[in-house]
Structures are given as C-alpha cells and as structure tokens.
Amino acid sequence: MLTAITGINWGDEGKGRMVDLLSQEYDIVCRYQGGNNAGHTVVNPRGKFVLNLLPSGILRSNVVCVMGNGMVVDPAHLEKEIANLREKGIEISPKNLKISDRATICMPYHVAEDGLEEDRLAKSGSQFGSTRRGIAYSYGDKYMKKTLRMGDLVHLDEAVKKRLATIVEWKNLTMEGIYGTQPISLEETWAWCQHYAEVFKDYICDVGDYLTEADKNGKKILFEAQLGALRDIDFGIYPFTSSSNVIGAYAPIGAGIPGRKLDLSVGIMKAYSSCVGEGPFTAELAMTEEQKNELRLAGHEFGAATGRPRRVGPFDVVASRYGVACQGADELALTLLDVLDYMEKIPVVAHYSVNGEIVDRFPMGEALDIAQPVLEYLPGWHCDITAARKWEDLPKEAQDYVNYIEKAVGCRIAYISVGPDRDACIRR
C-alpha cells in the first residue's frame with residue numbers, strides 16, 4: 001500500500017498534522033523532496049514539535065522514517081533537529097531513520113549563496129522570499145552535477161576530496177568575483193564533511209532496496225510532501241516556487257522506488273488560504289488588512305520554519321481545484337476549520353476576474369498577476385467546534401461549508417480537522 005500525503009495549495013496546509021494522524025496505520029513514512037526550507041508543526045500528547053527535515057512519522061515509535069533521494073539534506077540542521085527531539089524523549093537511531101545515499105547534501109556555501117543573492121535582489125525589490133537555507137542552490141548544483149551526495153560521506157576518500165576541491169574552486173569564482181566575500185576554504189569544508197560523516201554514517205543506505213523489500217513484504221508506506229502543488233517547480237506559480245517536484249506522482253521517484261505506483265493520493269488543504277513568500281496570491285486581495293490580520297491571529301499564521309507572518313485570504317476554489325488535479329487526489333483532508341469559528345459570514349473566492357472576464361481555470365503568468373477575486377459568501381456557524389468528533393457534531397452551517405468546498409473542487413473530503421490535537425479530527 002503506497003499512499004502520498006500532499007499539499008493542494010501554497011504549502012503550510014497542515015500536512016505534518018495529518019501525517020502524524022495517519023501514520024498510526026502505516027509502517028514507513030518517507031519524505032521524498034525538499035529540504036529544511038519549510039516546517040511541519042505537530043501537536044500530540046507529548047508536546048508541540050516543529051519538524052523541518054525529518055518525516056512527521058518520527059514521532060511514532062513503531063514507524064520507520066526514510067529520507068529519500070529527492071531530498072536535499074543539510075547535515076548541520078539535521079543534527080540539531082535530532083538533538084532537539086531527543087531532548088523531548090523521542091528515540092532516533094538507524095533502526096527508525098534511514099537516509100538515502102543518493103540525497104543531495106546542502107553545503108554551508110549553499111546557505112551562504114542563498115542569503116547573498118536574496119540580499120542582492122532585495123535592493124531592487126526582486127527577491128523571491130527565500131527562506132535563505134540554500135535549497136535552490138543545492139538543487140541547482142545537483143542538476144549541474146557539481147555537488148556531493150550523502151553516500152559520499154560513507155567513503156570520504158581522495159577521489160571525493162578531489163571532486164570537492166574542483167567544486168570549491170568553481171564556487172569561489174562566484175563568492176569572490178560576484179559577491180566580493182571571503183573564499184570558501186577547502187580544508188574547512190572537508191573537515192565539515194568528516195564531522196557529519198561520523199555523525200550519520202550508520203544512517204546512510206540504499207533506501208530504494210529497503211523500500212522495495214518492504215513493499216514486497218506488504219508493508220504500508222506513507223509518502224510525505226513538503227509545500228503544495230502551487231510551489232511545484234513545474235506546475236506551480238513559477239518562478240515563485242520551490243526547487244523540486246512536490247506533486248504526488250513524484251513520490252515513488254523521490255523516495256527511491258521509481259518503478260512503483262501510488263495506490264492512494266490524499267490532498268491536504270486549509271479551510272481558508274495562506275501563503276508564505278513572494279508571488280501572486282489572489283485570495284489576499286479579497287480581504288481588508290484588518291480582516292487579514294484577524295484571520296492570521298485566529299489561525300496562528302506564522303511560518304513554522306521562519307516565524308514570518310503568512311499572507312492569508314479566503315478559501316480559493318480556483319487555485320484549489322487546480323491543486324487537486326495536479327496532485328491526482330483521490331480524497332482530501334480539510335484542516336483548520338475551527339479557525340473560522342469567529343466569522344459571521346465566510347467569504348470564498350469562487351472565481352477569478354481577468355480583464356473583466358470571469359475565469360474558472362487557474363491562470364499562469366501575467367493573467368495570474370492581474371487576476372481579481374470574485375467572492376461568494378456562506379453563513380458562518382459562530383460557535384466553538386473544537387469538541388466535534390463526528391460529522392453530526394458539526395453545526396449545519398459548518399457542514400454546508402464543507403459540502404460547498406467538496407462540490408466546488410470536485411473531490412471527496414474524507415477528513416476534517418477541528419483543532420491542533422491529534423484526535424481533533426472527523427473522519428467522514
């Protein structure tokens with residue numbers, strides 16, 4: 001059984017919370033793309049956890065977690081993330097965490113490049129809203145074949161050092177010649193690699209072999225995505241995207257078992273819209289600053305990885321319908337419905353208007369830049385729904401809102417979260 005949990009919109013939809021909930025039914029949880037440029041927040045009886053690189057299944061002792069070849073891994077960040085979890089009583093060892101030998105290493109100079117370039121672009125207002133964690137530069141070097149992979153840490157021989165020397169020489173053309181910064185030290189970078197080789201050598205393996213064998217033996221595998229469909233490098237709001245393929249179809253590839261196919265795709269979307277970073281975001285045009293701030297505070301909309309305030313707006317039917325199609329979603333989870341408890345009437349972006357024409361197909365390029373929201377309003381329930389555990393517990397207005405969204409995006413909503421706790425979820 002191969003299942004993918006993916007984001008329908010701009011990311012931060014609550015995927016970590018749903019992975020934590022559903023992982024009780026799975027043997028393995030695998031991240032298949034991205035790095036530590038986003039965070040998954042999970043609240044369970046053991047506390048509140050923010051995960052950047054580790055799969056959310058790490059919080060369950062009976063689950064084996066896999067970091068796939070499609071990821072970029074910053075070993076320094078991963079070491080700290082593991083240490084933080086261990087301080088909270090989470091056991092992590094090579095028995096329950098396996099790192100692909102084909103995963104790309106996010107090197108210190110990638111992080112430095114990211115910050116330098118974002119600062120340069122900011123001078124002209126052209127910045128991407130990067131998290132400055134080196135993700136784009138890691139992926140860029142991967143596709144230029146000028147990087148190291150986690151498997152290289154297992155055998156740091158002279159051949160690897162020679163390759164690193166060539167990479168550092170090339171990088172210094174940029175660091176010194178373009179940015180005017182201090183050159184990268186080969187010896188310091190080599191020592192950095194040696195340190196993390198010692199830390200992670202027992203975790204690094206051919207995860208493709210492991211997952212293939214697990215699948216043959218009937219193990220249930222859950223794939224966890226980072227960000228959402230609208231941040232996909234190919235299908236998202238380019239160039240304001242992530243640097244990897246976040247769509248569910250890529251999950252077996254990024255995990256290390258490209259010959260396998262998904263059995264189930266579960267898409268996650270919020271009961272309203274939120275967005276971190278730059279780029280077109282039509283939904284935010286539908287609210288006043290006061291309304292957006294009220295929604296932001298109600299939903300605690302601040303980035304898990306960066307702490308940045310998220311851009312917010314009403315639920316966007318046009319964008320969500322497109323995201324559902326991109327993810328090939330078989331069913332959906334609607335998260336944070338309880339955040340809307342305070343609203344007397346609830347706005348929904350039902351259509352876009354582009355140059356005066358009503359549009360229902362998600363546009364790209366200039367058309368998206370100028371798109372305006374066309375709103376419909378649904379009655380609010382204006383009461384606390386966080387205690388609801390069955391569909392029948394929800395007030396009629398909340399049921400009507402869920403049914404409206406389900407019909408509008410054309411996919412069944414199977415899960416509804418009504419609070420941050422692990423059990424605050426309704427299964428339909």
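**Group meeting: strands, helices and cysteines in a predicted model**

Hi everyone, let's start with Pro373, which lies in strand 18, residues 372–379. Before I go on, this is a predicted model, where local features need pLDDT of at least 70 and side-chain atom pairs count only at pLDDT 80 or more, while totals for chains, interfaces and linings use all residues. Residues are numbered from 1 along each chain as its sequence is written, and side-chain values use heavy atoms, with hydrogens and water left out. Strands here are DSSP runs of E with at least two residues, helices are runs of H or I with at least four, and both are numbered from the N terminus.

Back to Pro373: is this residue buried or exposed? Pro373 counts as buried, because its relative accessibility is 18%; buried means under 20% relative accessible area, exposed over 50% and partly exposed in between, using a 1.4 Å probe and protein chains only. Setting aside neighbours within four places in sequence, Pro373 touches Thr282, Leu285, Ala286, Val349 and His351, with contact meaning heavy atoms within 4.5 Å. Leu285 sits 88 residues away along the chain, yet the two C-alpha atoms are 6.8 Å apart.

Two strands pair if DSSP finds at least two bridges between them. Inside that order, strand 11 (residues 264–270) runs parallel to strand 15 (residues 331–335), joined by five bridges, and Met269 faces Leu334 of strand 15.

For an antiparallel example, look at strand 3 (residues 40–44) and strand 4 (residues 47–51), which pair over five bridges. A hairpin of two residues connects them, and Asn44 has Gly47 as its bridge partner. On strand 3, His40, Val42 and Asn44 form the covered face, while Thr41 and Val43 form the uncovered one.

On to the helices. Two packed helices are described by the angle between their axes and the distance between the axes. Axes are lines fitted to C-alpha atoms, for helices over the stretch in contact, and angles run from 0 to 180 degrees between N-to-C directions. Helix 5 (residues 158–177) packs on helix 6 (residues 186–200) at about 130°, with axes 10 Å apart. The contact includes Val160, Leu164 and Val168 of helix 5, and Leu186, Trp190 and Cys193 of helix 6. Helix 2 (residues 75–87) also approaches helix 6, with axes within 10 Å and a crossing of roughly 40°. There, Pro75, Ala76, Leu78, Glu79 and Ile82 meet Trp192, His195, Tyr196, Val199 and Phe200.

Finally, the cysteines. How many disulfides does the structure hold? It holds zero, a disulfide being a pair of cysteine sulfur atoms within 2.5 Å. Cys193 is buried, with a relative accessible area of 0%. Cys411 is also too far for a bond, because the closest cysteine sulfur, in Cys326, is 13 Å away. At 7% relative accessibility, Cys411 counts as buried too. Thanks, everyone!
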